[in-house]
Amino acid sequence: MKLKNILFSTTLLAIPLILFSNCSQSSSQGKGTTAAATTTAAKATKPADSAAADTTTAAPVTYPPLNKKLYDSLMKRLAHGDTTGKWPVKNAPYPLPGAILPFKRVVAFYGNLYAKKMGILGELPPNEMLAKLKGEVKNWEKADPSTPVQPALHYIAVVASGDPGKDGKYRNRMPFKQIDSVLKLAKKAHAIVFLDVQVALSNIHTELPLLEKYLIMPQVHFGMDPEFSMKDGTHPGKKIGTYDAADVNYVSGYLAGLVRKYNLPPKILIVHRFTKKMLTNYQNIKLHPEIQLVMDMDGWGEPDLKTGTYRYFIHNEPVQFTGYKLFYKNDIKKAPHHMLTPEEVLKYKPYPIYIQYQ
């Protein structure tokens, strides 16, 4: 499989009243194809005043000391017999007490409540969505009985937009009341929450601190999407964006500071990736005891194409943990029209410990 056979994500760009996707996938001849989808949605607003949302957090929890022997054995198991020497990652710090990974596998539903075509999180009515998530959790528990599953809702809190907006940054920040709604849904499902950011022509230094009131909650984690980080000023959706290790280090350092200040369990940081240029200088990414960093293979396509992308950009460029994204619709567009099952994903080296459904 050639390196240029890469996958493109199907995260959608939001514009007032209309959300659309502009995604491409290279063929073996290098000819791109473009797919677009539209759906009606409510217009996103800027975050409300912090007093508008309930910021009450749980009382501090004392977690038992980390069982380092168990942690080491689970990390070795995640490597799944890899013989390249890349996995498990060497010289990674032990996490603080209360770490989720690798003790549990996270299975997340991704999307936005305003848009049915941005992912399963917003496609179905809430109770139906939570029931489907519960079903996927059971599927993973059956496929890997030795690893408990932690359900999650992965919500796009800042959405790349086709409209420049008043500040010309081509992104819409979701209102706090919608984040509150996701937190309430997650509580019903005993799920954790990820807040995902598509900065477009803004930047991660600006967008991340605006979500701090939620990130100091122990059940809330973070995702950053290089696909829509348009550092050269290109409008989002026209090309694939990029982050550098320095951007990842800023986020992990910021989150690590919150963990220390508020005595929180480690935060999981998801970095989406499906091309080489989406993440530059990966070897310079710094790891912290307060952060569990997941490189998530965020691309769609037929099984062989996804397998190659995971090998080239996730396995071959190790950071700490790995994730894998499954698309209910886009993965079955091309022959053999098949979305990988948990059992099939568990053939990969290393085992993905974070699974996302869109």
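A residue counts as exposed when its relative accessible area is over 50% and as buried when that area is under 20%. The structure described here is a predicted model. Its protein chain contains nine helices and 16 strands, and 54% of its 358 residues are buried.

**Chain overview**

- The protein chain exposes about 15200 Å², and carbon and sulfur atoms supply 55% of that area.
- Among contacts in the protein chain with a separation of 6 or more, 75% are made by residues 24 or more positions apart.

**Helix 3**

- Helix 3 spans residues 126-143, a total of 18 residues.
- From its first C-alpha to its last, helix 3 reaches 26 Å, which is close to the 26 Å expected at 1.5 Å a residue.
- The buried residues of helix 3 are Met129, Leu130, Leu133, Glu136, Val137 and Trp140.

- Strand 10 comprises residues 220-224 and is mostly covered, with five of its five residues buried.
- Cover is present on both faces of strand 10: one side holds the buried residues Val220, Phe222 and Met224, while the other holds the buried residues His221 and Gly223.
- Strand 9, residues 192-197, runs parallel to strand 10 and is joined to it by five bridges.
- Within this arrangement, Val193 stands opposite Val220 of strand 10.
- Strand 12, residues 267-273, also pairs with strand 10 in the parallel sense, here over three bridges.
- Met224 has Val271 of strand 12 as its bridge partner.

**Asn249 in helix 7**

- Asn249 is located in helix 7, which covers residues 245-262.
- Asn249 has a relative accessible area of 17%, and it is therefore classed as buried, the cut-off being under 20%.
- Leaving aside residues up to four places away in sequence, Asn249 touches Asn284, Ile285 and Lys286.

Definitions and conventions: Residues numbered from 1 in each chain as written. Predicted model: local features only at pLDDT ≥ 70, side-chain atom pairs only at ≥ 80, totals over all residues. Heavy atoms only, no water. Helix = DSSP H or I, 4+ residues; strand = E, 2+ residues; numbered from the N terminus. Expected span 1.5 Å × (residues − 1). Buried < 20%, exposed > 50% of the residue type's maximum accessible area, 1.4 Å probe, protein only. Contact = heavy atoms within 4.5 Å. Areas by Shrake-Rupley, 256 points an atom, 1.4 Å probe, with all protein chains shown as cover. Pairing = 2+ DSSP bridges.
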